[in-house]
Amino acid sequence: MDDERLTFKEMCAAFDVTPRTLRYYEYIELLQPHREGRSRFYGPRERARMKLILRGRKFGFALEDIRQWLLIYEKEGTEAQMRAWVTMADGQLEELAEQRRQLDEAMAELQKLRDDTAAAIALDKG
C-alpha cells in the first residue's frame with residue numbers, strides 16, 4: 001500500500017470527523033476515495049479537498065457552495081476557482097458581518113436585562 005494513502009479510519013482520525021460525516025461527504029460527491037473491494041483509500045487529492053471542505057465549513061459556507069467551488073476547479077482550472085472563491089468570500093464576509101451585528105445586538109440586550117434584574121434584586125434586599 002502507498003504510504004500517501006489513508007484508510008477510512010485514518011482519514012476520520014486525521015481530520016477529526018465522524019465516519020458518518022466522511023460517508024456523507026462521499027455521498028454528496030465532495031470526496032471520491034479510491035476503492036479496493038470494500039476498502040476506501042484517500043490520497044493527496046482527497047486530503048487536500050478535505051482540508052478545503054473543513055475550512056469552508058469553518059467559515060460558514062454551505063456544503064453545496066463548497067461542492068460547486070470544487071467543481072469549478074475540475075472543469076475550469078485554478079484561475080476560475082480563485083475568481084469564484086473571491087466572490088464567495090465577499091458574500092460570506094457580508095453574511096458574517098450581519099451575524100456579528102445581530103449577535104452584538106442580542107448580547108447588549110441580554111446584558112441590559114441582566115443588569116436590570118440584578119439591580120431589582122439589590123433593591124429588594126436593600
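Two strands are said to pair if DSSP finds at least two bridges between them, and helices (H or I, at least four residues) and strands (E, at least two) are DSSP runs, numbered from the N terminus. The model is predicted, with local features needing pLDDT of at least 70 and side-chain atom pairs counting only at pLDDT 80 or more, while totals for chains, interfaces and linings use all residues. Residues are numbered from 1 along each chain as its sequence is written, and side-chain values use heavy atoms, leaving out hydrogens and water.

The sheet is open and has three strands in the order E1-E3-E2, paired in antiparallel fashion. Strand E1 (6-7) and strand E2 (34-36) lie at the edges with a single partner strand each, so one side of each has no neighbour in the sheet. E2 is joined to strand E3 (residues 39-42) by three bridges, the two running antiparallel, and histidine 34 stands opposite phenylalanine 41 in E3.

Turning to the helices, H1 (residues 8-15) packs against H2 (residues 19-27) at an angle of about 105°, with the axes 9 Å apart; axes are lines fitted to C-alpha atoms, for helices over the stretch in contact, and angles run from 0 to 180 degrees between N-to-C directions. The two helices H1 and H2 are therefore roughly perpendicular, a term for angles of 65 to 115 degrees. Their contact (heavy atoms within 4.5 Å) involves Phe8, Met11 and Cys12 from H1 and Pro19, Leu22, Arg23 and Glu26 from H2.

Methionine 50, leaving aside neighbours within four places in sequence, is in contact with Met11, Phe15, Val17, Leu22, Tyr25 and Leu31.

Terms used:
Parallel < 35°, antiparallel > 145°, perpendicular 65-115°, else oblique.
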